[in-house]
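Reader: I've got a model open and I'd like to learn how to read its sheets and its overall build. Could you walk me through it?

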Amino acid sequence: MKAQRQIDVKNFESRKGFIYDFQKLIRDVAIPYQYAVLNDQVEGVEKSHAVANFENAAKAVKGEDVGEGFYGMVFQDSDAAKWIEAAAYSLAVFPDSKLEEEVDGLIDKIAAAQDGDGYLNTYYTIKDREKRWTNLLEGHELYCSGHMMEAAVAYYETTGKDQLLKVMQRNASHIYQKFVTEGKEGYPGHPEVELALLKLYRATGDKKCLDLAKHFIDVRGVDQDYYKKEVAGRDWKVWGNDASDNDYQQSGKPVRQQTDATGHSVRGVYLYTGMADLASETEDEELLAACRRLFESIADRRMYVTGGIGSTGIGEAFTVDYNLPNDTAYAETCASIGLMFFASRMLEAEVDSRYGDVMERAFYNTVLAGMELDGKRFFYVNPLEVIPGISGVAVTHKHDLPQRPGWYACACCPPNVARCLTSIGKYAYGENETTAFIHLFAEGKVSFANGLTLNCETKYPYGFQVCYQVLEGSGQVAVRRPDWSADHFQICVNGKVQEKEEKRGYWYLDGIKKGDEIQVTLDDQIKKVYASPAVASDSGCMALQRGPLVYCVEGVDNEEDVLSLSYAEEGEVTAGEFEPGLLNGTVKLKAAGYRTVHKGSLYTYEKPEQLPCTITAIPYYTWGNRGLGQMRVWLPKR
């Protein structure tokens, strides 16, 4: 039984503030821009062809000539699915008949592309019908089905329309028939369908979806030679993935025995999200224990200070404990979104502020950094250090781009950011029959299952007062105390300071009723952050954080040179005033430091000068919005 659950996305409504501004940007810019890209209507960006693929697949289903055929990655369908999900969540916040018509039109095309037996995947329907379900290692059929299931559930929950939901129920029945009834061996090369099936189960009540999710989770890693046998049984490949690298595929052990987050980081956290959801749905304590170990592996030893995960571009993967290089970090945007999913599902299994802390860190830093502030350019990779001329150029740094492109051949991240931002309310707030949970501080009106309706007013993450007016109902409210606010945290109800009633990082307030006002005061002090000595890349370095925001130093604010800068460890760091016209509204930090003046050539015997200076820092999520330049999160200290 879940300790608490996400609220219905329709029960959060924001009309001003930080979250609203991003959701409005998604509505006004990102969603129409991405729809145009999916329809190949934007000049100068990577072609998508996702919509045309569905049109051509519909022709193939009817036995007609498909003309130009399939274009794109094997998982191209998922881009359209995530766009539908983002649009669905946006419609819950901003009703829009034109957007709804566009979604309905795309769903018509998807439905027409479904085969008679329920199979749905444009790559195989157009190109290789006889190869269906023969390459689970690389084929992404289950991955694409998973994203389309998520889209179907989101659109049904926000609009009540069930066309796509019925399509995906048929698809789930087809998959169940293949893998459960007929007993086909195997499990997804790219996990995703597991978490999606659980959503589909809750939306439809179809127990086959629950059983199928459990099946894929239970069989994973039991036959560790499955992928090798699969490769031996076919004469074709997509990329040539190493079938023997079980750690990369999260299949080195059955999932209940796994201890470390390994392999492709997005695949990992998608799998762990499904595991955590299943564990709380079925009260599987052994599975939940495995999820705790995997979460600790990430949060304690394999996560960047920005909430990024995945240390290497070789396989977009986790490596080993404490290997967190800054300039070659991968830290894929999708991976941090997946980490939010995992943390949110762990919160449903057990209410512990640690999960909310990680969810917040990932969201306010890496996830937001994944999109340019204009809503039209996106980072796939989120390094913590960028040096033009090296980043994106040197063979070791090709993946670490210094500026956001408009689109990608592998365009998983742009629509993922859009669906995350438009649905943020269900990550910010949770509920059970008795208690309203505040996980993240998001301005807006929120309604809970216990009858409470709250209105939140705050300037967060730049303001540190959060005020909740109780508009309706009565009951208990639980407020997360962020880890960075441990020393300065206060809650007042109707002006009266509340005694500490904390349980695992949440303050529980009883007897809250209509007309009450809850005032949360958070720590506004700037934190100097130090990494474990085990993180070699950060040895002798320091970073800055204020509230949930990790800061970085950009060349544009610092004489175009951040490499010569170091912080004065005992020096003063101050926060400026909020600047509405800077980077869509932000606060700069000013830190005492030094600039090294190197007078020699490559190496010198002459000691460099250390000149006192003032270092300007900006929030990490805002970097790369003012042209090409250097950037660092960690600076040496002296």
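**Reading the sheets**

Author: Let's begin with a sheet: seven strands make an open one, in the order β2-β6-β7-β8-β14-β10-β11, with antiparallel pairing. Strands here are DSSP runs of E with at least two residues, helices are runs of H or I with at least four residues, and both are numbered from the N terminus. Two strands pair if DSSP finds at least two bridges between them. By the way, this is a predicted model, where local features need pLDDT of at least 70 and side-chain atom pairs count only at pLDDT 80 or more, while totals for chains, interfaces and linings use all residues. Residues are numbered from 1 along each chain as its sequence is written, and side-chain values use heavy atoms, leaving out hydrogens and water.

Reader: Which strands stand at the edges of that sheet?

Author: β2 (12-13) and β11 (496-497) do; each has a single partner strand, so one side of each lacks a neighbour in the sheet. For a pairing inside the sheet, look at β8 (residues 465-472) and β14 (residues 517-521), which run antiparallel and are joined by five bridges. There, V466 has V520 of β14 as its bridge partner.

Reader: What order do the strands take in the open sheet of six?

Author: That order is β1-β4-β5-β9-β13-β12, and the pairing is mixed. Its edge strands, β1 (5-6) and β12 (502-503), each pair on one side only. Starting from β1, two bridges connect this strand to β4 (residues 429-431), and the two run antiparallel. R5 sits opposite E431 in β4.

Reader: How many bridges link β4 and β5?

Author: Three, in the antiparallel sense. G430 is opposite F437 in β5, and a hairpin of three residues leads from β4 to β5. On to β9 (residues 474-480): β5 pairs with β9 in the parallel sense over four bridges, and I438 has V479 in β9 as its bridge partner.

Reader: Which way do the side chains of β5 point?

Author: General idea: in a regular strand, side chains alternate between the two faces of the sheet. In β5 (residues 435-438), T435 and F437 point one way, A436 and I438 the other, and all are buried. Buried means under 20% relative accessible area, exposed over 50%, and partly exposed in between, using a 1.4 Å probe and protein chains only.

Reader: What about a helix residue? Is S265 buried or exposed?

Author: S265 lies in helix α11 (residues 265-282). S265 is buried, with a relative accessible area of 0%. Leaving aside residues up to four places away in sequence, S265 touches I309, G310, E316, A317, F318 and A335; a contact means heavy atoms within 4.5 Å.

Reader: And the whole chain: how many helices and strands does it have?

Author: It has 16 helices and 23 strands. The radius of gyration is taken over C-alpha atoms, and the globule rule is 2.2 Å times the number of residues to the power 0.38. With 638 residues, a compact globule would come out near 26 Å; the chain has 24 Å, which agrees. Its C-alpha atoms fill a box of roughly 75 × 65 × 50 Å along the principal axes.

Reader: How much of the chain counts as buried?

Author: 61% of the 638 residues. As for contacts with a separation of 6 or more, residues 24 or more positions apart account for 71% of them.
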